[in-house]
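Let me put the structure up, and then I'll walk you through a few parts of it.

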Amino acid sequence: MTTSLAGPSVRPGISDRSGELYREQGFLLLEDALTPDEVQVLRDETVRICRGERGEIQGLERASPDETDADVLRRYLCIHFPHKLSQVVYDVLLHPVIVEGLKQAIGPNVKCMQSMLFIKASGKPGQAWHQDEFFIPTRDRSLTGVWIAIDDATVENGCLWVIPGSHKHGVLWPQRAHNDMRFDCAGEVYRHPYSDDDAVPVAMRAGSVLLFNGYLMHRSLPNRSQGAYRRSFSNHYMSAESFLPWHQPKDKPVGMGRLDFRDIIMVAGRDPYGFKGVEDVSKPHVRPSGEGGCGAEYRNLGIDVSNRFLGRE
Ligand SMILES: O=C(O)CCC(=O)C(=O)O
């Protein structure tokens with residue numbers, strides 16, 4: 001494999017205190033972890049993926065040559081598992097600065113199970129309050145999100161918001177559907193002890209990387225900027241020592257105690273379950289955005305809500 005994202009030789013933002021800070025606040029910001037050239041490679045790759053030039057993605061229409069890149073990018077909120085067809089995305093999962101940060105957060109042995117590419121053009125919705133371990137369970141609470149800004153992420157264009165320390169309860173609060181048109185159709189947590197006033201925005205320069213704990217409450221708001229994207233990768237990792245009870249094999253379900261999804265990539269250290277081999281199960285697909293509301297009146301009715309958030313509070 002050719003690696004187009006080699007990473008700088010210094011380790012931006014990582015110090016002896018990084019692991020401690022991560023455990024205390026539930027997140028760690030690695031400013032300028034990627035160089036401007038690396039960011040540009042990722043932006044260019046975003047266009048190729050969205051144009052369908054990297055291979056088949058369920059739910060994505062291949063762009064015709066007369067469509068502009070802007071028209072094509074505007075179509076999608078988020079594409080899951082782009083690393084399955086893009087060498088550039090695969091390489092960024094193993095970026096040396098990110099892997100160094102992950103070792104501080106998780107330990108020496110780290111595996112990755114998912115990548116997501118967010119485009120989030122202006123007018124696109126955010127995600128309601130949630131905890132990622134609700135969706136991707138580990139056995140040892142080691143799930144770690146790695147959020148890579150490939151445009152400047154600002155409050156206006158829908159950066160992440162986090163509730164510092166919310167991971168420390170070690171509790172996964174229940175999830176429910178919502179009708180809040182600011183957010184896509186993923187659920188929201190409720191019965192937790194926090195209010196929106198406890199949240200802080202994480203504005204990030206393009207090339208910066210946020211690591212966050214799978215129990216940390218976080219959300220993002222709609223992109224209210226005019227004509228701009230808020231592109232990012234949101235990738236997930238965990239300790240290699242933990243089983244990953246994520247998806248049952250379709251043909252032969254196994255008991256919960258043995259469930260260990262093996263569509264993984266080792267990014268650091270050794271895999272104690274390497275003898276099981278790895279699989280290729282997850283397929284790239286477009287995530288339905290719900291375009292800002294999941295109430296029956298907005299779902300699948302062909303209502304154009306793409307400008308709903310522009311210029312509004
Ligand atoms: O990038 C976003 O807007 C939301 C990402 C997120 O919440 C996640 O990946 O868990």
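One cut-off before I start: I call a residue buried if 20 or more other C-beta atoms lie within 10 Å of its own, exposed if 12 or fewer, and partly exposed in between. And please keep in mind that this is a predicted model.

You'll find Gly107 in the loop that runs between helix H5, residues 96–105, and strand E3, residues 110–114. The phi of Gly107, which follows H5, is positive, near 135°.

Let me zoom out for a second. The protein has 313 residues, and 42% of them count as buried. In secondary structure we've got five helices and 14 strands. If you take the contacts with a separation of 6 or more, 82% of them are between residues 24 or more positions apart.

Back to H5. Which of its residues are buried? Val97, Ile98, Gly101, Leu102, Gln104 and Ala105. These cover an arc of only 155° around the axis, so they end up on the same side of H5.

Now for the helix pair. In general, you describe two packed helices by the angle between their axes and the distance between the axes. Here, H1, which is residues 18–25, and H5 have axes that come within 8 Å and cross at roughly 65°. The crossing of H1 past H5 is right-handed. On the H1 side the contact uses Ser18, Gly19 and Tyr22, and on the H5 side it uses Gly101, Gln104 and Ala105. Sorted by class, that contact has two nonpolar residues, four polar ones and no charged ones.

Last stop, the ligand. What surrounds it? The list is Met116, Phe118, Gly126, Gln127, Asp132, Gly145, His218, Ser220, Ser232 and Ser234. The elements giving two or more residues to that shell are strand E4 at 116–118, strand E11 at 218–220 and strand E12 at 232–239. As for the make-up of the shell, seven residues are polar, two are nonpolar and one is charged.

That's my tour, happy to go back to any of the views.

Notes: Residues numbered from 1 in each chain as written. Predicted model: local features only at pLDDT ≥ 70, side-chain atom pairs only at ≥ 80, totals over all residues. Near = placed C-beta within 6 Å. Helix = DSSP H or I, 4+ residues; strand = E, 2+ residues; numbered from the N terminus. Nonpolar A, V, L, I, M, F, W, Y, C, P; charged D, E, K, R; others polar. Contact = placed C-beta atoms within 7 Å. Axes fitted to C-alpha atoms, helices over the stretch in contact; angles between N-to-C directions. Left-handed = near helix turned anticlockwise from the far one by under 90°. Arc of directions from axis to C-beta.
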